[in-house]
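Hi everyone, thanks for making time for this. I'd like to walk you through a structure that may be new to you.

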Amino acid sequence: MNKTDLIYAISEKSGLNKKSSETALNATLSAIEDALKADDKVVLVGFGTFEVRKRAARKGRNPQTSQEIQIPASKAPVFKAGKSLKDMINV
């Protein structure tokens, strides 16, 4: 399912027109992005949690030259599915 399919599904389930559904989806995604940029968690009870995890700096290896390189620290967005979502999928 891509974004267009998701907008259509939201429209069908909510009774909103496609333009309103797209606006609602974009606003939701923007709010999640803003919270993650501020290092906040977004907890949707029963669905899951979006959060940012920090990755420490580490040494790596260039596979072509076998030369050791330094990989800098970074942040990565992660999603952890909630129990209700896991149970629904594993029926």
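Before the first number, a word on accessible area: here it comes from the Shrake-Rupley method with a 1.4 Å probe. By that method, the protein exposes about 7300 Å², and carbon and sulfur atoms supply 55% of that area. Please keep in mind that this is a predicted model.

Now the overall layout. You can find three helices and five strands in the protein. Starting at the N terminus, the elements come in the order α-α-β-β-β-β-β-α.

What about the dimensions? Taken along the principal axes, the box filled by the C-alpha atoms is roughly 55 × 30 × 30 Å. The radius of gyration of the protein is 19 Å, whereas a compact globule of 91 residues would have one near 12 Å.

How much of the protein is buried? Of the 91 residues, 16% are buried. As for contacts with a separation of 6 or more, 28% of them are between residues 24 or more positions apart.

Let me finish with one spot on the surface. Which residues form a nonpolar patch there? They are Leu-44, Phe-47 and Phe-79, and together they have about 260 Å² of accessible area. Leu-44 sits in strand β1, which covers residues 42-44.

Technical notes. Residues numbered from 1 in each chain as written. Predicted model: local features only at pLDDT ≥ 70, side-chain atom pairs only at ≥ 80, totals over all residues. Heavy atoms only, no water. Patch = residues over 30% accessible without salt bridge, like charges linked within 9 Å, V, L, I, M, F, W, Y side chains within 5 Å. Salt bridge = Lys/Arg side-chain N within 4 Å of Asp/Glu carboxyl O. Helix = DSSP H or I, 4+ residues; strand = E, 2+ residues; numbered from the N terminus. Rg over C-alpha atoms; globule rule 2.2 N^0.38 Å. Buried < 20%, exposed > 50% of the residue type's maximum accessible area, 1.4 Å probe, protein only. Contact = heavy atoms within 4.5 Å.
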